[in-house]
Amino acid sequence: MARTTSSRISPSDRPHARRSGGVAKRPPPDDGRARPPLAPTHTPDDIPPPPSPPGPDTVRMFAVRKGEKLKIASLDELEPALRADCWAWIDVTDPTPKTMDALTRTLKLHPLVASNIAERNQRAKVEQIEGVFHIVMFALKMDETAESSEIDMVLAPKFLLTVHGTDWDPRAVPKLREEPTEHLARGADYLLYTLCDWIVDGYFPVLDKLADDIDQLEDDVIAKASQQTLHRLFVLKRELLALRRATSPAREIFNSLTNRDVGVISADHLVYFRDVYDHLIRVTDELDNYRELVSGTLDVYLSTVNNNLSLIMKRLTGVTVIVAGIGAGAGIFGMSEAGAAMAGQEPSGFWVVTIAMVVVSAVAAVVLRRIDWL
């Protein structure tokens with residue numbers, strides 16, 4: 001079976017990945033905000049451990065102005081900062097209606113966008129409303145079964161808003177553990193790429209685990225088709241359907257962001273979004289392959305069960321032939337003289353018939369055994 005791998009190196013970790021192979025790109029728009037070079041690559045030993053997950057109704061804010069970090073303690077301080085020349089990242093965990101209303105006023109979100117974020121029951125999608133992009137993606141994790149977590153992101157020219165549950169933390173991204181302002185200084189769009197790239201990277205370990213489960217199921221079906229194996233097959237089919245619903249629409253998100261002039265993504269950063277799009281194609285292709293493998297395994301299971309049933313029927317037929325022969329002989333000659341036979345008072349013909357029935361039954365058993373009916 002083809003294997004996926006989760007150890008790929010993100011193109012943002014390779015400085016030369018910014019060159020696009022000779023394809024001319026228009027220069028980024030000059031908005032007055034300096035974009036420093038990419039942050040230096042870190043080795044795994046240099047990456048600090050992820051911070052503690054935030055609790056419900058937690059708001060974390062980061063802002064950068066001309067490469068310098070700004071200290072913002074509240075939403076009241078964020079509004080005047082956004083009117084100035086800066087980029088901001090607002091990360092919110094399970095906001096209450098009161099917090100959501102405050103974010104809507106401060107960031108001037110469209111009521112429809114705010115309503116969709118508060119509802120938190122969306123499909124993977126991208127919507128453009130009044131120059132602001134509402135992007136919905138799903139992070140995947142594998143416990144006993146594959147589970148998805150909705151992440152709402154709002155990209156605007158001056159800020160990026162992320163809203164999620166307590167089961168996912170963007171600060172767990174290795175490149176954002178030390179100081180997220182290093183990536184934010186390149187623009188809110190680059191920070192969006194960093195988060196989306198990490199989300200998509202998380203799909204591959206889940207696919208690897210599913211591939212191992214499918215391999216094990218194939219072996220179990222060949223060895224012994226049991227009800228437990230059938231139950232696991234149906235669980236896998238449901239998981240694959242749920243994962244496809246969560247990941248397949250994400251391709252259209254990046255296809256839309258990279259194939260039209262959206263105005264909030266720098267031309268220099270389009271190549272990174274195309275890389276994420278490429279890996280999403282790989283994810284959906286792998287999911288399609290796994291769905292076909294599970295369907296094929298289910299067909300093998302049904303064929304195995306039918307074959308086992310045919311084998312049982314053959315054996316029962318063989319036993320019936322033997323027992324029916326004995327029964328026929330006993331019915332013809334009767335058993336009314338059995339008591340006398342046991343007392344030694346029956347003529348020799350009784351014993352001749354009895355021995356003949358036993359011999360014929362033994363010969364039938366040998367023949368049926370040779371043709372694999374017993």
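What share of the contacts in the protein chain with a separation of 6 or more comes from residues 24 or more positions apart? The share is 72%, with contact meaning heavy atoms within 4.5 Å.

**Before you start**

This is a predicted model, in which local features need pLDDT of at least 70, side-chain atom pairs count only at pLDDT 80 or more, and totals for chains, interfaces and linings use all residues. Residues are numbered from 1 along each chain as its sequence is written, and side-chain values use heavy atoms, with hydrogens and water left out.

**Stop 1: the whole chain**

Colour by pLDDT, the predictor's confidence in each residue, from 0 to 100. The mean for the protein chain is 78, and 79% of its residues reach 70 or more. Among the elements, strand β7 (residues 159-164) has the highest mean, 93. Helix α9 (residues 338-342) has the lowest, 58.

Now select residues 1-42. Here the pLDDT is below 50. The stretch still has 84 contacts in the model beyond near neighbours in sequence. Where pLDDT is low, the predicted coordinates should not be read in detail.

Switch to cartoon. The chain has ten helices and seven strands. Helices (H or I, at least four residues) and strands (E, at least two) are DSSP runs, numbered from the N terminus. Of the 374 residues, 42% count as buried. Buried means under 20% relative accessible area, exposed over 50%, and partly exposed in between (1.4 Å probe, protein chains only).

**Stop 2: the sheet**

Select the strands. Seven of them form an open sheet in the order β2-β1-β3-β7-β6-β5-β4. The pairing is mixed; two strands pair if DSSP finds at least two bridges between them. Look at the edges: β2 (68-70) and β4 (125-129) each have a single partner strand, so one side of each is left without a neighbour in the sheet. From one strand to the next, the twist averages 20 degrees.

Zoom in on β4 and strand β5 (residues 132-142). They pair in the antiparallel sense over five bridges. One to pick out is E127, whose bridge partner in β5 is H134. Then move to the hairpin of β4 and β5, which has two residues between the strands. E130 takes a positive phi there, near 55 degrees.

**Stop 3**

Select T93 in strand β3. At 0% relative accessibility, T93 counts as buried. Show its contacts, not counting residues up to four places away in sequence: among them are P54, D57, H164 and T166.

Next, select P95, in the loop between β3 and α2. P95 is partly exposed, with a relative accessible area of 22%. Leaving aside neighbours within four places in sequence, P95 is in contact with D57, M100 and V163.

**Stop 4**

Select helix α2 (residues 97-107). It lies across β1 (58-65), β3 (87-93) and β7. Helix α2 runs at about 165 degrees to β3. Axes are lines fitted to C-alpha atoms, for helices over the stretch in contact, and angles run from 0 to 180 degrees between N-to-C directions.

Which residues of helix α3 (residues 111-119) are buried? They are V113, A114, N116 and I117. Look down the axis of α3: these residues fall within an arc of 165 degrees, so they line one face of the helix. The arc is that of the directions from the helix axis to the C-beta atoms. The cover over them includes α2, β4, β5, β6 (146-155) and β7. On the other side of α3, P111 and A118 are exposed. Just after the helix, R120 takes a positive phi of about 50 degrees.

Draw a distance from I117 back to P95. The two are 22 residues apart in sequence and 9.6 Å apart in space, C-alpha to C-alpha.

**Stop 5: cysteines**

Select C86 and C196. C86 counts as buried at 0% relative accessibility. C196 counts as buried at 1%. The structure holds zero disulfides, a disulfide being a pair of cysteine sulfur atoms within 2.5 Å.

**Stop 6: helix α10**

Finish at A362, in helix α10 (residues 348-370). A362 is partly exposed, with a relative accessible area of 42%.
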